[in-house]
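Me: I am new to this structure and want to learn how to read its aromatic rings. Can you take me through them step by step?

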Amino acid sequence: MITAKSPHNPRCTADLGAQYITCTPHYAKKHREFYEELLAHGILEPLTSPIEGMKVQEGDSNFVAPQGISSIVKHYLKKSGAEIFFKQCVTQINLRNNKWEVSKETGAPEQFDLVVLTTPAPQILELQGDIVNFISELQRQQLASVSYSSRYALGLFYEAGMKIDVPWAGQYISSNPCIRFISVDNKKRNIESSEFGPSLVIHTTVPFGVTHLERSEEDVQELISQQLEAILPGLPQPVATKCQKWRYSQVTNSAANCPGQMTLHLHPSLVCGGDGFTHSNFDGCIASALSVMEALKNHI
């Protein structure tokens, strides 16, 4: 759920990950309070712009985030009251005096009463320290069985006054080896304005993402741009671009027999959560979060 900003105008934004949220009748009932809250705060709005090629199931509701998909995450972080530290790469987790000592690439280790890991499963298995000994053989197999698709996203930012002249706000492409989805992102979110330019988002196919996973972003951007020119010839020149590699995009195979979380240690608590233990969409994230809370609440 990442929203990139144009370096020339912060109001010109592009959702480089999740594009919209689809809610099934099952989750509309089960997670009603979450949707009601986000709709009441204007963080979600019904998707009304045309998306060509979208698979529509009877009873499903689709929503967009007018301020960008990352506004959902920001809403919950703000509501939590937590102090957030970004760009802290965790390398080791050790048990010291009944607390978790977490080591990072830079800076001194820090101690915590409990730890929740929501990184992709392969990155949990890469962690060093005592955590290695707390993952049972069965849990190791379960974590190793989680698989993900890989893809790239490219965001193109344009000057105010520019027009992207297409009849849709988003379009699924089925006939191109490189491009799977294109969105005129501000149009998709219904926030067109004369004060900032449009933005275009391109998602690649999974086979393209897998094939070019270790290529430089410059090379990949060039390949995507060539294919885009074939699909939408004569686009104006963007004033800025942002290429995003999703090594772990969507879960294709979640951890077997895991009810939304995996508890590695009870006292102190060390719990894994995230879509690797449910499924890759907003409701999968909520389901895992509720499972993690259920696992922790008896130990807080």
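Me: Which residues do ring pairs link into a cluster?

Reply: Keep in mind that this is a predicted model. Two rings pair if their centres lie within 6.5 Å. Here ring pairs join Y35, F63 and F282 into a cluster.

Me: How many aromatic pairs does the count come to?

Reply: The count is five aromatic pairs. One of them is Y35 with F282, an edge-to-face pair. Their centres are 5.7 Å apart, and 85° lies between the planes. Planes over 60 degrees apart count as edge-to-face.

Me: Is Y35 buried or exposed?

Reply: Buried means under 20% relative accessible area. Y35 has 5% relative accessibility, so Y35 counts as buried. F282 has a relative accessible area of 8% and is buried.

Me: What kind of pair do the rings of Y148 and Y248 form?

Reply: Check the angle again. The planes are at 70°, so this pair is edge-to-face. The ring centres are 5.2 Å apart. Y148 lies in strand β11 (residues 147–148). Y248 lies in the loop between β16 (240–246) and β17 (251–253). The pair links distant parts of the chain, 100 residues apart.

Me: What is the relative accessible area of Y148, and of Y248?

Reply: Y148 has 16% and is buried. Y248 has 24% and is partly exposed.

Notes
Residues are numbered from 1 along each chain as its sequence is written. This is a predicted model: local features need pLDDT of at least 70, side-chain atom pairs count only at pLDDT 80 or more; totals for chains, interfaces and linings use all residues. Side-chain values use heavy atoms; hydrogens and water are left out. Rings of Phe, Tyr and Trp (its six-membered ring) pair if their centres lie within 6.5 Å; planes under 30 degrees apart count as stacked, over 60 as edge-to-face and the rest as tilted. Buried means under 20% relative accessible area, exposed over 50%, partly exposed in between (1.4 Å probe, protein chains only). Helices (H or I, at least four residues) and strands (E, at least two) are DSSP runs, numbered from the N terminus.
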